[in-house]
Amino acid sequence: MRSTVRIDDDLMEALRASSEAEGLSMTRMLNRLLRSGLAAESTVAGRPMFREATTRMGRPRFELDKALSLAAALEDEEILRKLAVRK
């Protein structure tokens, strides 16, 4: 299959140098590099990619659509507490 791809100049030079060093055409070298890159994407050093374990946190204790106003109220309380301590 044919496709047009834009490759950065530095990558093209590295591809050209690698293909000449191994005696392969640039097409074969590019296909080999793409295959190895795609295979490495799914595993790292032979191990599967890390998956984060998730847990349910339960129902929220306050209305989430009013989270900013709650944060502002808590900040105001903290400022008043600090001012009271200074007196």
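Student: How many helices and strands are in the chain, and what makes a stretch count as one?

Tutor: The chain has three helices and two strands. A helix here is a DSSP run of H or I with at least four residues, a strand is a run of E with at least two, and both are numbered from the N terminus. Read from that end, the order is α-α-β-β-α. Keep in mind that this is a predicted model, where local features need pLDDT of at least 70 and side-chain atom pairs count only at pLDDT 80 or more, while totals for chains, interfaces and linings use all residues. Residues are numbered from 1 along each chain as its sequence is written, and side-chain values use heavy atoms, with hydrogens and water left out.

Student: How do you know how the chain compares with a compact globule?

Tutor: Look at the radius of gyration, taken over C-alpha atoms; the globule rule is 2.2 Å times the number of residues to the power 0.38. For 87 residues a compact globule would come out near 12 Å, but this chain has 28 Å. The C-alpha trace spans about 80 × 30 × 25 Å along its principal axes.

Student: Which separations between C-alpha atoms go with that?

Tutor: Leu-74 and Arg-2, 72 residues apart along the chain, have C-alpha atoms separated by 61 Å. For Met-29 and Glu-75, 46 residues apart, the separation is 59 Å. Asp-10 and Met-57, 47 residues apart, are separated by 48 Å.

Student: Why is Met-29 given its burial label?

Tutor: Buried means under 20% relative accessible area, exposed means over 50%, and partly exposed is in between (1.4 Å probe, protein chains only). Met-29, in helix α2, has a relative accessible area of 2%, so it is buried. Buried residues make up 3% of the 87 residues in the chain.

Student: And Asp-10, buried or exposed?

Tutor: Asp-10 sits in helix α1. Its relative accessibility is 54%, so it counts as exposed.

Student: What is the accessible surface of the chain, and how do you know?

Tutor: The total is about 8,900 Å², and 56% of that belongs to carbon and sulfur atoms. Accessible areas come from the Shrake-Rupley method with a 1.4 Å probe; for residues, only the protein chains shown count as cover.

Student: What makes Arg-16 and Glu-13 a salt bridge?

Tutor: The test is a side-chain nitrogen of Lys or Arg within 4 Å of a carboxyl oxygen of Asp or Glu. Arg-16 and Glu-13 have an N to O distance of 3.0 Å, and their side chains meet in a salt bridge. The two are three residues apart in helix α1 (residues 9-22), so about one helical turn separates them. Arg-16 is partly exposed at 31%, and Glu-13 is partly exposed at 48%.

Student: Why would such side chains pair at all?

Tutor: Side chains of opposite charge can pair when their charged atoms come close.

Student: How many salt bridges does the whole structure have?

Tutor: A search finds three. Another one joins Glu-22 and Arg-32, at 2.5 Å from N to O. Glu-22 lies in helix α1 and Arg-32 in helix α2 (residues 26-42), so this pair ties together parts that are 10 residues apart in sequence. Both are partly exposed, Glu-22 at 46% and Arg-32 at 39%.

Student: What about Glu-78 and Arg-81, how do you know they pass?

Tutor: Their N to O distance is 2.6 Å, and the side chains meet in a salt bridge. Both lie in helix α3, three residues apart, about one turn of the helix. Glu-78 is partly exposed at 32%, and Arg-81 is partly exposed at 44%.

Student: Last one: what makes Phe-62, Leu-64, Leu-70 and Leu-74 a nonpolar patch?

Tutor: Patch members need over 30% relative accessible area and no salt bridge; like charges are joined within 9 Å, nonpolar side chains (Val, Leu, Ile, Met, Phe, Trp, Tyr) within 5 Å. Phe-62, in the loop between β2 (47-48) and α3 (67-86), is partly exposed at 40%. Leu-74, in helix α3, is partly exposed at 48%. Together the four residues form a nonpolar surface patch with about 380 Å² of accessible area.
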